[in-house]
Amino acid sequence: MSAAVALCVVLALVFGWLDRASNSIDPEHGIGYALGVTGSVMMLVLLAYPIRKRVRRAPSRVGSVGFWFRFHMVLGLFGPLAILYHCRFSWGALNSSVALGSMIIVASSGLVGRFLYSRVHRGYSGRKLEMRALRQEMDGVVANFEGQGVLGPEVIAGLHAMEDRATRAGATFWTSARAVIGLGLETRRVEREIRQVMYISMPGREQDLAPQLAHFFEAVRRAAEYAFYDRLLRLWHLLHLPLFVLLVGAVILHIVAVHMY
């Protein structure tokens with residue numbers, strides 16, 4: 001679903017950019033004006049998600065935090081898209097340029113935040129990953145391989161060693177930062193090597209066991225990278241809200257300037 005939405009947004013951006021020279025949309029009248037109003041309202045409604053997140057005991061009819069997060073992301077895509085069509089993909093006057101620039105910065109910040117969020121949370125549920133849960137996932141996969149006898153003792157010992165390294169790396173910011181590249185590349189290399197061994201020694205079973213192996217190494221990477229992305233997400237939260245406040249101020253200034261002058 002998210003891939004389809006992203007594709008629609010990209011296609012709309014390409015079409016709008018190619019059609020920017022035409023005069024089919026007038027920012028001050030008709031559909032062009034309506035797009036500006038719609039986009040501004042969408043950007044304002046983005047505040048609903050942080051408000052909902054802070055209301056712990058909201059009625060079920062209000063919607064879950066996960067629902068509002070998904071809605072927040074959709075508005076964060078279609079709101080800027082409507083504004084871009086409103087301004088015909090051009091900067092315009094000074095007040096328009098300030099508002100458009102602020103919107104682009106906030107929308108870009110939102111995309112960065114979406115990536116960081118995905119590294120420290122489970123989907124859109126709002127539940128943060130826990131090192132203990134990741135460790136249990138890794139232990140479960142290795143125990144399953146041991147029970148089936150599909151990997152040799154040396155390979156199993158290597159998986160346990162990598163699991164320990166990931167847990168230690170994910171405990172502090174700097175060790176976790178180094179693991180983002182170092183251990184990330186190493187896990188992918190080791191996974192390919194084990195799959196090759198499984199393909200040769202267990203023809204026909206490799207395809208069944210490969211998803212479990214991939215799940216193990218994904219858990220290893222997420223455990224090792226956890227502290228790094230968690231710290232970046234905290235810093236991002238400190239930056240994103242002030243940027244959004246500046247955007248609201250720029251939009252209000254733009255609206256006042258357009259209607260007064």
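User: Is C87 buried or exposed?
Analyst: C87 is buried, because its relative accessible area is 16% (buried means under 20%, exposed over 50%, partly exposed in between, with a 1.4 Å probe and protein chains only). Keep in mind that this is a predicted model, where local features need pLDDT of at least 70, side-chain atom pairs count only at pLDDT 80 or more, and totals for chains, interfaces and linings use all residues. Residues are numbered from 1 along each chain as its sequence is written, and side-chain values use heavy atoms, with hydrogens and water left out.

User: And what about C8?
Analyst: C8 counts as partly exposed, because its relative accessibility is 48%.

User: New topic: which residues line the second largest pocket closest to its centre?
Analyst: That pocket has a volume of about 870 Å³ (the space filled by probe spheres set on grid points, joined across faces, edges and corners). Of its 34 lining residues, G36, H86, H254, I255 and V258 are the closest to the centre. A pocket here is an open set of points on a 1 Å grid over the protein atoms alone, where a 1.4 Å probe fits, with protein on both sides within 12 Å along at least five of seven lines; lining residues have an atom within 4 Å of a point.

User: Which helix gives the largest share of that lining?
Analyst: Helix 9 does, with ten residues, and it spans 206-260 (helices are DSSP runs of H or I, at least four residues, numbered from the N terminus).

Note on methods: Helix = DSSP H or I, 4+ residues; strand = E, 2+ residues; numbered from the N terminus.
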